[in-house]
Amino acid sequence: MRKAFIVARREYVANVRTKSFIVGILFLPILLLASVFLPSLFQKMKGETRRFSVVDPSGESLAAIEKALEAGAGGGRPLQFALVPPSEFGGTPDEQREAMKKAVEEDRLFAMAEIGPGALEDGSGCSYLSKSAAEEGLLDFLSRTVTTLYRERFLARANLEPEVVKKANATVWFQERLLSKEGGEKETTKADKVGGYASLGFVYLLWMSIFMMAQGLLTSTIEEKSNRTVEVVLSSCTPFDFMSGKVLGLAAVGLTLVGTWITCFFLFFQFVAPAISETLASFDIGAILGNPVNLSFFAVFFLLGYLLYASIFCGIGSVCTTLTEAQNLIGPVTLILMIPLLSMFHTVKNPDSTLSTVLSWVPFFTPFVMMNRVAAVPPPSGIEVAASVLWLLLWVYLVMRGAAKVFRIGVLLYGKPPKLREILRWARAR
Amino acid sequence: MAIESALAIDRITKRFSGHVAVDGVSFSVPRGSTCGFLGPNGSGKTTTIRMVMNILQPDEGTITVLGVPAGEIVKDRVGYLPEEKGLYKKMKVREQLAYFGSLKGLEPREALARADSSLDALGIGDWKARRTEELSKGMQQKVQFLGATIHDPEVLILDEPFSGLDPVNAEVLKNEVLRLRKRGKTIVFSTHVMEHAEKLCDEIVLVNKGKTVLDGPLRDVKARFGRNAVFIDYEGDGSFLSSLPAVARANDYGRHAEIVLKDGASPQDLLRSLVGRVAVRSFEAREPSLNEIFVRKVGENGGA
């Protein structure tokens, strides 16, 4: 076993020094920082402002629109609406209409709207003119603003007290509560909601890191085969030491990567995000990451899932001499790996559905789907999780044993790679 | 066993799906000797060596290395240079050597120190911090050899060590082998280049089609084939040589020929028939070359 650690150490050092590792480790911090700075950069960029004007002989709707814009309803941050005063287009509605239409034609205005004389009476006679059919944000904003005004006037005309009007406009809010499996009730907190999405984050992180590391293992196995170092190493240690050393070394690489990512994520939400936005600050990241259940299951499923796929990739790598050959054999495995990624959106919302439950018991999906279910609300019962971990352990053992046999034979084999059926025969051989 | 063997192979057999690669091979190599492991391509040399290194396991028979059954325990006491040279291209030269050393059981610090001193000794110390891929092919060969010997093994197994080497590097390697022999190491090398074996070996083992054809001390093997060979250097057209009545077989190189005489024919008979037809510049009667023995034995055995 001492030699396995020597192999692992070399594997770790060799991988950590590669460019792709450095790019990989910087990827998340850069993404997080970009998510902060890009929007403010967009905001500064010119040309993202939608200029528009309105023909409104009564001026009442126009005033409401101006007020709404001032109150900050003028679209999202990257996109802003700017009202050009109608007076710039002429004194009479007819002059204004013609001049605005021309302006839209010449792209000086993004759009123009006309508020009909009956708009505030019965909501009729409004129009909107633009060159773009895809952009609906502005139209939506205008419609909302004028509708609100219309509703106010309508209720006022019905001689209702302002207090009554306010009540009539009230929205009915539902108090959201969670019923746990044990029968207890509690109010749904933000952490519960965010926690649901955290489950997606965990699965994605798990998937990415397992796939990246297994892929790295495949490449390094093929590299050692094609540069013929395999034989030198095997003259010093057993194939099992060699393979387990490689698997171990890359596991350490993966943990370094994921550990760095999680730390960055934590630091970002703890210290950087609150300073930038209130919405981001409300993400109680500590509650999610600090949740020992999630973190420890992440560690368990990372380890088992990695061992499962690392063994498969290592076995496949050992029978191939070039990466192209390996790609053909890896294809089916990659397809299988896509399924938990596609099903995670279903599982996060329906962690106890039949589909989620069944998928979580397919050994190749268990690490991802179980992680998904454990971090979602409601989580599966402790017994089910424990059973699935044992089930996965059994499969990890079987697959590793098979892969070790394939590795032993395959790693010294050059020339045409064997057929999948042949490989499976080696794996099952006693 | 009269002399203690560094390596004793007893009737080993290895089958690969359908064909027998090694078929009951037996031989032993005395401690401190240099043994040439000869045979045509595909005769089972590499498979045998891999079984000695415990990379493959024999289906039948036993292998004893330094008095213990071949296995993981003796791996650290044996050095191995595979036929296909393999180095990590991206690794630095000294780290690479240290890695091979620590796999053979050296402490990391000791392994690094030895890597440095051995690189200095071979005159490529300036390259120790470079990546292996930056080295010339000849330098890489040296590094590979150092990798096989960094743990100062008692037994060194070299699989086709001279293949692909230019004369200068072949000379360097030969000197290294001689140096190790002087220090009492047991060296086994496989080759199909008979000149190397003839000059370097005390012992030879010849295998063909997975079977041992010939083995023993080189001197004895040669003596067994008698002194019926004649080596001549000549000028002129030597195409008639093989048709002379005294000649069983002639190996003609154009200016040099190795001639095997028929039983009962004497070198004088041959010399007489040469006079006047070619200008003889040297004439020597002695035991046949290893090459001749190789060709003859492999030929008898059904060819390569």
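Of the 430 residues of chain A, 35% count as buried, a residue being called buried if 20 or more other C-beta atoms, placed from the backbone, lie within 10 Å of its own, exposed if 12 or fewer do, and partly exposed in between. The structure is a predicted model, in which local features need pLDDT of at least 70 and side-chain atom pairs count only at pLDDT 80 or more, while totals for chains, interfaces and linings use all residues. Residues are numbered from 1 along each chain as its sequence is written, and chains are lettered from A, with ligands numbered from 1, in the order in which they are written.

The secondary structure of chain A comes to 18 helices and six strands, where helices (H or I, at least four residues) and strands (E, at least two) are DSSP runs numbered from the N terminus. Among contacts in chain A between residues at least 6 apart in sequence, 73% join residues at least 24 apart; two residues are in contact if their C-beta atoms, placed from the backbone, lie within 7 Å.

In soluble globular proteins, nonpolar side chains tend to be buried together. A nonpolar core is here a set of buried Ala, Val, Leu, Ile, Met, Phe, Trp, Tyr and Cys residues joined through C-beta atoms within 7 Å. The largest such core has 142 residues, and those with the most contacts inside it are Ala310(A), Met371(A) and Ile157(B). Helix α13 (residues 292-319) of chain A gives the most to this core, namely 15 residues. When residues up to four places away in sequence are not counted, Ala310(A) touches Met213(A), Ala214(A), Leu217(A), Val247(A) and Leu250(A). Another core, of 23 residues, lies apart from the largest one and includes Ile65(A), Met112(A), Ala119(A) and Val146(A).

Chain B is divided into domain 1 (5-222) and domain 2 (227-286), with bounds that come from an automatic or database domain assignment. The centres of these two domains of chain B, taken over C-alpha atoms, are separated by 38 Å. Strands β9 (residues 203-208) and β10 (residues 211-217) of chain B pair in the antiparallel sense over six bridges, pairing being assigned if DSSP finds at least two bridges between two strands. Within this pair, Ile204(B) stands opposite Gly216(B) in β10(B). The hairpin of β9(B) and β10(B) has two residues between the strands, and Lys209(B) takes a positive phi near 50° there.

The contact between the chains takes 17 residues from chain A and 20 residues from chain B. On the side of chain B that touches chain A, the elements that give two or more residues are α2 (72-75) and α3 (93-103) of chain B, and α3(B) provides the largest share, four residues.
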